[in-house]
Amino acid sequence: MSGRPGAVPILMYHAVTVAPTPAARELSVTPTAFEEQLAVLADGGFTPLTAAALAAAWRGGGPLPERPVLITFDDGYEGVYRHALPALARHGFPATLFVTTGWLRGPYGTGGAPDTMLDWDQVRKLAGAGVEIGGHSHRHPPLDDLDDERLRHEVLRCKEIIADEVGTAPESFAYPYGHSGRRVRRTVRGLGFRQALAVGNTLAARRQGPYALARLTVRRATGTEEFARIVEGRGLVRAFTRDRVLTRGYAVVRRSRQAVRMCAPGR
């Protein structure tokens, strides 16, 4: 694929909706755009996989289809059920949904969700339709900013709720905001997740390791032609220049916060 043997595009979606809130707009896509993007994948001969299936193949050295791709959704917006699921079903495509359990409608709600979210009945229906349900923390904080106790709570609470509501413990995790340090990855692994996804805005590769798989951001401004390029791994530097500048800036902030935390009394 585009001169990168073994590289896999992992697409990161958020809301699929006609009328998002201002908070969700930039990282949303319209149902029409989502349909067009699935058509690009179908016409290009791509074979969608779940996060668990990709990681299992890489972990065990198993075969992958010739043109694998992953379709993933973060947070748990209602449009994933209302709009994305019917489109996925028409193509026979699987996907992976990473839910922020405290944002979903129902008994565990903590408030703070940026738009209308799924309820647990819809999550179970998505799981029954073949969508892998993964974890995305409980309240969606930057995990690197948390102390060890709060970090463990965010990851474990999310896992326990999904297991109770869906009936199966999640295997896959996605880091809120896409960022993770070694301590966060160690915690996610130690709590039983078998793979975890970041952002990175590059193609995923086995060498990244199962707890730092890169994804490509799909947003409202992503046109069909640009989508066709990025899923092939072409023009990624140009497409994601702004994202990479912001990522480098946030990395400096994260390192500063971690240094302060390590120097605090009692450490």
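These are my notes from looking around this structure, which is a predicted model.

**Strand β10**

I began with β10, residues 213-217, and asked how many of its residues are buried. I found 5 of the 5 buried, so the strand is largely enclosed by the rest of the structure. Next I checked which way the side chains point. Leu213, Arg215 and Thr217 go one way, while Ala214 and Leu216 go the other.

Then I looked up the partners of β10. Strand β1, residues 10-13, pairs with β10 in the parallel sense over 2 bridges. Within that pairing, I noted Met12 with Thr217 as its bridge partner. Strand β9, residues 195-200, also runs parallel to β10 and is joined to it by 2 bridges. There I saw Leu197 standing opposite Leu213.

**Ser137**

Setting aside neighbours within four places in sequence, I listed its contacts: Val99, Thr100, Thr101, Leu143, Glu154, Cys158, Phe173 and Pro176.

**The nonpolar cores**

My next stop was the largest nonpolar core, which has 46 residues. Which residues have the most contacts inside it? I wrote down Leu11, Tyr13, Phe34, Leu41, Ile71, Phe73 and Leu97. Helix α4, residues 79-91, gives the most to this core, with 5 residues. Apart from this core lies another, of 13 residues, and I jotted down Tyr175, Val184, Val188 and Tyr211 among them.

Not counting residues up to four places away in sequence, Leu41 touches Leu11, Phe46, Val69, Ile71, Phe93, Phe227 and Val231.

**Helices α5 and α6**

Last, I checked how helix α5, residues 120-128, sits against α6. Their axes come within 10 Å and cross at roughly 75 degrees. That makes α5 roughly perpendicular to α6. On the α5 side, the contact is made by Trp120, Val123, Arg124 and Ala127. On the α6 side I noted Ile161, Ile162, Glu165 and Val166.

Notes:
Residues are numbered from 1 along each chain as its sequence is written. This is a predicted model: local features need pLDDT of at least 70, side-chain atom pairs count only at pLDDT 80 or more; totals for chains, interfaces and linings use all residues. Side-chain values use heavy atoms; hydrogens and water are left out. Buried means under 20% relative accessible area, exposed over 50%, partly exposed in between (1.4 Å probe, protein chains only). Helices (H or I, at least four residues) and strands (E, at least two) are DSSP runs, numbered from the N terminus. Two strands pair if DSSP finds at least two bridges between them. Contact means heavy atoms within 4.5 Å. A nonpolar core is a set of buried Ala, Val, Leu, Ile, Met, Phe, Trp, Tyr and Cys residues joined through side-chain atoms within 4.5 Å. Axes are lines fitted to C-alpha atoms, for helices over the stretch in contact, and angles run from 0 to 180 degrees between N-to-C directions. Angles under 35 degrees count as roughly parallel, over 145 as roughly antiparallel, 65 to 115 as roughly perpendicular and the rest as oblique.
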